Every structure is written in structure tokens, then in C-alpha cells.
Amino acid sequence: WLLRDVRYDGGEKTRLEANTGCGYVGYDVAPWAVVFGTIGGTAAQSTESDESGDARVKWSAGIKLNLWRLDIEDPAFLGGRCTLRAQGEFARYESGNLDPASFDWTEWYASLTLNYELFARKRTDYDRVPYSLMLYGGPALSRIDGTRESAGGSRDFEGDNVVGLCAGTDLFISHNLSAGAQLQHYFDEPTISASLIYHF
């Protein structure tokens, strides 16, 4: 669920709201790197539109990097793993038709997060539920550029704020199945996402 303040050419501010659902596929190219892609659909509207147009395609490609890791063994009650991770992603969104409006925009996204994974059970005990809980947060960058088209004409827009924060949690139901939630905030309105990921 995306909410972002954007500005048209000329400076007028509006709010872009989009609901997106997509599938995710990632591949471990190295123990410290995952390349991934998503594809799905999105329906968007702006302040000027009372309702969203028809859903159309959304796709993205990106990479996740594990930059640093520290295992904490002592004290036992803090036992877990700290990691520093970076992510970069390019996404393209399309939504709607000319009635009430259609939207086409791209987003360049990057984040650097400090992660703390608290193992709920012994790391070798794969049969316990839950397996672990990960909390993370850090700075994020998001650049949006797009076009809104309606019966009244076409207008270009870009994100009002580029720098923000992201934070989230992943609950590992088992060592290879996780459910997650993330909040991004660019000092305007929150963007919220949820995920369910199975690791083969």
C-alpha cells in the first residue's frame, strides 16, 4: 500500500496512492548476494481522482547484499545475529485508463539496514515454531518519476521527498518460511508492505 506526496511540473503537490500485489522470485548468486524480480498488478489514484482506475502491470528487479555479520553468543538472553544489509531495486508501475486517469511511473529504491535476528530456538532445531524473529531499520532512498494522463491532458510528476526511513520485521515460521511486514516513511505518508516468502 503506497502513499507518496508527488509534485507536478510547475510545483503543484498531489498525493499518489497505489495498491499493489505481486509475486517474488529470488536467486542466491552468492552466500552474500540475492538477485530478485517481482511481477504483478497495481491500481493507483491521485488526490484529483475519487477512485482508482483498472489494475495494470507492475514489475521490478533488484539485488540484496549482506555486507557484514556478527554472531552474539554471550549473554545467552541476547543470543542472535547482527547483519548490515543493502538493497537496490528498480520498479515500473502502470495503472488505470483515461477515465478517471492513468498512471505510469518508475521508482529507484535503495536502503541500508541494521538487522538483528533473535533465534527463538537453537539454530539447529529446524522443527520448532517459530524459528526466529528479525527486526531491522535504517535509511532509505526512493526516487519516483511518472506521468498522469486524463481526459484533460498529460502531466509529469516526481516524488516530493527522496530520503526517508524504513523499518520492519520478519517472523521465520521455520528456517525457510517467513512472513514479514515493512514500513517506509519519506516524511509525508507511510508506505506499508507485507510478504510471505519460501526459501528453497
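Across from proline 190 in strand S11 stands histidine 185. The model that shows this arrangement is predicted. Strand S10, residues 177-185, and strand S11, residues 190-198, run antiparallel and are joined by nine bridges. Four residues lie between these two strands in their hairpin, where phenylalanine 187 adopts a positive phi near 60°.

**Overall architecture and confidence**

The secondary structure of the protein consists of eleven strands and zero helices. The C-alpha trace spans about 65 × 30 × 30 Å along its principal axes. Of the 200 residues, 37% count as buried.

The mean pLDDT of the protein is 91, and 95% of the residues score at least 70. Among the elements, the lowest mean pLDDT, 94, belongs to strand S8 (residues 153-159), while S10 has the highest, 97. Where pLDDT is low, the predicted coordinates should not be read in detail.

Which residues make the nonpolar surface patch of about 590 Å²? The patch is formed by Leu118, Val129, Leu133, Leu135, Leu171, Ile173 and Leu196. Strand S7 (132-150) and strand S9 (163-174) are the elements that give two or more residues to it. Leucine 196 counts as exposed because its relative accessibility is 64%, and exposed means over 50%.

**Aromatic contacts**

The structure holds six aromatic pairs. One of them is formed by tyrosine 24 and phenylalanine 36, whose ring centres are 5.5 Å apart, with 25° between the planes. This pair counts as stacked because planes under 30 degrees apart are classed in that way. Tyrosine 24 lies in strand S2 (residues 13-30) and phenylalanine 36 in strand S3 (residues 33-46), so the pair links parts of the chain twelve residues apart.

Are the two partners buried or exposed? Tyrosine 24 is partly exposed, because its relative accessibility of 32% falls between the cut-offs of 20% and 50%. Phenylalanine 36, in contrast, is buried, because its relative accessible area of 7% is under 20%. Elsewhere, Trp59, Phe90 and Trp108 form one aromatic cluster.

The table lists the accessibility of three residues discussed above.

| Residue | Relative accessibility | Class |
|---|---|---|
| Leucine 196 | 64% | exposed |
| Tyrosine 24 | 32% | partly exposed |
| Phenylalanine 36 | 7% | buried |

Definitions and conventions
Residues numbered from 1 in each chain as written. Predicted model: local features only at pLDDT ≥ 70, side-chain atom pairs only at ≥ 80, totals over all residues. Heavy atoms only, no water. Pairing = 2+ DSSP bridges. Patch = residues over 30% accessible without salt bridge, like charges linked within 9 Å, V, L, I, M, F, W, Y side chains within 5 Å. Areas by Shrake-Rupley, 256 points an atom, 1.4 Å probe, with all protein chains shown as cover. Salt bridge = Lys/Arg side-chain N within 4 Å of Asp/Glu carboxyl O. Buried < 20%, exposed > 50% of the residue type's maximum accessible area, 1.4 Å probe, protein only. pLDDT = per-residue confidence, 0-100. Phe/Tyr/Trp six-rings, centres within 6.5 Å; stacked < 30°, edge-to-face > 60°.
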